[in-house]
Amino acid sequence: MNNDSQRSGSKLDRRRLLQAGFAAAFAAPLGALGAQAFAPRAIAPGVDLSEFPLCRTASDAPALTGAPRKLKLSWNAGAVCLAPVPVAIEHGFFKKHNLDVELVNYSGSTDQLLEAIATGKSDAGLGMALRWLKPLEQGFDVKIAAGTHGGCMRVLSRTDSGVSKLADLKGKIVAVGDLAGPDKNFFSIQLAKLGIDPVKDVDWRAYPGNLLNVAVEKGEVQAFLSSDPLAYLWLKDTQYKEVASNLDGEYREKSCCILGLRGSLVREEPQVARAITQALLDAAMFTAQNATVAAKSFQPYAPKAATLADIEGMVRYHTHHHHPVGEILKRELKAYADDLKSVQVFKQSTDTAKFAERIYVDVFAV
């Protein structure tokens, strides 16, 4: 999807959106949401597995027997890239695998989330690799079972700015929502690959995530980093343009978000670990093949300013067809760890091959 198609439709008045509380609605926690928030429909029809060569789904393993296994799954309910989660509930993918999944909208720090998974307060969680990997370096008992998709993060600037490509950020002031955030990590890595020192050559400044565009409007910064749905919706205003995204170049074929499982669940109930992974990957495949239906499932969680067409556009933009497991996942995790070493986020002494081996699990091999 190109920027023109992303910005098609009626022009958004940014100040009116802010006054209406659009950004605040997106940023505010929605609270803990259980599976009962949805009335599951009939089990969804099968998906075309031939389109997904990287995924070992729809296995012949028998479904769990007995009463449905209750599990808690932590997620960020405002993240449109996680549309397969409500899809998995509403269209019966968890039910198909005999799971009763309660969704917990987690708004705390990543360290707190990983601790919650490791200690059994939650059984699984979804998040961004470039936010999770550094805490996982410290040894949380959480295993990465799958990548879920790519395409969450973007660099935006004003259309009339002199910033038209990532290299143009050299010597510029760039607004970020979090100085340790995955988007800053990702684009720092890309700058380093261009020979630009992301520490010395770019002035990163933190602003509230829902007001990043205001900083560029005031001329305080020349560009800003953001994620969908905010980034997508801001791009509907023709005063903005996309400078770069994490679907550029080699990263088009890499996942940015991952599924983590409680380590004790993997060791003690491998069939359950496999079942929840399978259900989410099935839902991701369904999402990739049924963007309109998936958009409707996510709509209750979307900002009010986002139309169904907007949500569908984001679902199509994100690479829900790419969700690696096994050796492919391990290679992606190692590559990200190597990248993080290159920008001094990881310790130089970290053996990234051993690190990737330690944190990943192939639930389809047990």
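Select R154 and S245. S245, in β9, is the bridge partner of R154. Strands here are DSSP E runs of at least two residues, and helices are H or I runs of at least four, numbered from the N terminus. This is a predicted model, in which local features need pLDDT of at least 70, side-chain atom pairs count only at pLDDT 80 or more, and totals for chains, interfaces and linings use all residues. Residues are numbered from 1 along each chain as its sequence is written, and side-chain values use heavy atoms, leaving out hydrogens and water.

**The sheet**

Five bridges join β5 to β9, and the two run antiparallel. Strands count as paired if DSSP finds at least two bridges between them.

Now show the whole open sheet. Its five strands follow the order β7-β6-β8-β5-β9, with mixed pairing. Colour β7 (203-206) and β9 (240-245): they stand at the edges, each with a single partner strand, so one side of each has no neighbour in the sheet. Neighbouring strands are turned by 30° against each other on average, direction ignored. Axes are lines fitted to C-alpha atoms, for helices over the stretch in contact, and angles run from 0 to 180 degrees between N-to-C directions.

Select K134, L179, A180, N185 and V345. Of the 19 lining residues, these are the closest to the centre of the second largest pocket. Its volume is about 300 Å³. Helix α7 (129-137) gives the most to the lining, four residues.

On a 1 Å grid over the protein atoms alone, a pocket is an open set of points with protein on both sides within 12 Å along at least five of seven lines; a cavity is a set where a 1.4 Å probe fits but cannot get out; lining residues have an atom within 4 Å of a point. Points are joined across faces, edges and corners, and a volume is the space filled by probe spheres set on them.

**The cavities**

There are two cavities of 30 Å³ or more. For the largest, select its lining, including C81, H149 and H320. Its volume is about 100 Å³. Helix α12 (270-289) supplies the largest share of the lining, three residues.

Finish at A129, S255, I258, L329, E332, L333 and Y336, which line the second largest cavity. Its volume is about 30 Å³. Helix α15, residues 326-342, gives four of the lining residues, the largest share.
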